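Look at the model first, then read the points below.

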Amino acid sequence: MLKYEIRKLFFNKATFAGVAFLLLFNIVHIFKDHYPTESSDPVYLTYLKVYLDIRGKDIETCRDIVEEKRKQLSDLPQNRTALYAAVYEEMLMELESLLQFPNENQEKREESLKKADQYRLDNRYLYHLNNELAKRYGERKLMEYRNVNRFPELVNYKFSYLLIIFLIIAGGVNIFSGECASGACQVIKSTKRGHGILAGTKMIAMQIYVVLLAFLFAVCNGICFQICYRFDSFSQPVYAIEQYRDLPVNDTIMWFLIKNFLVGLLGLCVIAMIVMLLSVLIQNPKMVFGCSLVCVVGLAFYRAFGYLGTGKIINLLNPVHYLLGEKMILYLETVNLAGYAVSNALISTGIAFAEMIFLSAAIVYFYES
Amino acid sequence: MVLKLNNISKRYGKKTVLNQICLELHNGIYGLLGPNGAGKTTLISIITGMLNATEGEILCDGISTKKLKKRYFDYIGYMPQYPGYYNNFTGYEMLDYYAVLKGLKKQERKVKIPEILELVNLKDYSGEKIRVYSGGMKQRLGIGTALLNDPAVLILDEPTAGLDPKERIRFRDLISKVSSHKIIIIATHIVSDVESIADRILLLNHGELIRNGTVEELCEEMEGLVWPIETAGQTKLENVYLYHFRS
């Protein structure tokens, strides 16, 4: 049954054409905004040239090489070397800060341990939280220098989510209402397995569609950004990225990207369930399409403007919130659960699964009735 | 097989769509006739289990359908007026899909589907996409779909709508072929389609069953009440239909 539901849902020329077109659009969008050229991003291109000399070397050696190159530069006319001088300056600053990195971590570790000691007796939650922070800062070290500073460009790229959501809505509107409009549901509902079992199978087919779409676009984004920025390592820790250096995350970049993908996927799955619920409730596919769009835009607005006070808690139910999953993962947001500091990301994941179970039950209920 | 409808009523708010329908159906072909809005589709929806009656119950060989629950669908084969074909499926795939929905196991499907394709004369086109099928072929495929679980009750809603005369004759032959040991209910506006094959005619108007009898019985009732005009080319049953639904 699943095989046929998958075929009905997305094994057709229209869906393939839609996916191919939007994938191409996504690629063009990335290259238009991110591909470094002599006119758009000369600093980065110069950095890449300099980077080849220090690639994979330990920080101290890198600093010496760049320092040496900067000295050599002073012998040349300034108008020809301004760009290189700026790049060397910036790199030296970063390398100096990297040399200070072990000391800074040690300080942060000691500070966290001190706080943990203070809270040992009267606040178990803060005690556990600071112990965790101390553990994380204590484990950090950077052995070599790699080009990873532009990873946040990939992490913050959210345009593909818009395209995926559009494809989810376009594919999902017909899942129930299309059959009602064509009359097929009359035959289906006169069969033994055409009720709850079929609704469940349709939901699974839809989730497979969502996973495939998300994976396809994630791979496409990864390849395009790799071509644009020529990242050098996925096995470096997240704190190797300059922008994330102070955040208490010790995962490798690859693991962080996978986690980020999974949290975003969870949000997309919940959105797909909402579209399916609308498809069960409304018989006209065009109306389902319109209502789904309004619903997603509403959720996005609430995520953007309702992220204060009680809105912060309500937004945990908002699937659009999960599309910005990197914030949940990067910032050690925790909740006090029986004295233990439980990660907000873990709780949010639980909430998303609970939402999906609730929506599944609602879909089966309305489909059967 | 006996299908008994006990005081079936359906109301939407204050509007009564079906009123106290009592019927006992035995094996044979029944023509369900009535004008638009008579309640034919509602009655069919209740018999197929898609809709719950406001009052009354249906007994299947003496057992209430409420008791049978989903097992009741094993007795039912249904082809609505617009069955909603999946144009990117082949004829074989469409039958296989519905066979899965009807709970047929893989081995059963392997035997049953070729049989059905042979029966509805679509064996040579089973690998073709449905989008290339003619109206008549689609209708035969729809009947094939309804027959997959070898149902004891076969319900066909406006099965000949949009078919040319040749396909209508083919349809009648097909129904006659499968009619043994089945209750077949054909809801239609086209009186001539059921006149020659129906064992009994059910006349439904304003949600009430106004007549239930053989073609001969209904025609006899009309003796002296109807004066057929030869030039109109109407059959006897059409005269009965026009008499009852003249308003």
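Lys182(B) is buried, with 6% relative accessibility (buried means under 20% relative accessible area, exposed over 50%, partly exposed in between, with a 1.4 Å probe and protein chains only). This is a predicted model, where local features need pLDDT of at least 70, side-chain atom pairs count only at pLDDT 80 or more, and totals for chains, interfaces and linings use all residues. Residues are numbered from 1 along each chain as its sequence is written, chains are lettered from A and ligands numbered from 1 in the order written, and side-chain values use heavy atoms, without hydrogens and water.

**Salt bridges**

- Side chains of opposite charge can pair when their charged atoms come close.
- The structure has 25 salt bridges over all chains (a side-chain nitrogen of Lys or Arg within 4 Å of a carboxyl oxygen of Asp or Glu).
- Lys182(B) pairs with Asp150(B) at 2.8 Å, N to O.
- Glu179(A) and Lys8(A) form a salt bridge at 2.4 Å, N to O.
- Both Glu179(A) and Lys8(A) are buried.
- A network of salt bridges links Glu5(A), Lys8(A), Glu179(A) and Lys202(A).
- Arg63(A) bridges to Asp64(A), with the closest N and O atoms 3.4 Å apart.
- Asp64(A) is partly exposed, at 44% relative accessibility.

**Cavities**

- There are four cavities of 30 Å³ or more (a cavity is a set of points on a 1 Å grid over the protein atoms alone where a 1.4 Å probe fits but cannot get out).
- The largest cavity has a volume of about 50 Å³ (the space filled by probe spheres set on the points, which are joined across faces, edges and corners).
- Its lining residues (those with an atom within 4 Å of a point) include Ile59(A), Glu94(A) and Gln236(A).

Definitions and conventions: On a 1 Å grid over the protein atoms alone, a cavity is a set of points where a 1.4 Å probe fits but cannot get out, and a pocket is an open set with protein on both sides within 12 Å along at least five of seven lines; lining residues have an atom within 4 Å of a point.
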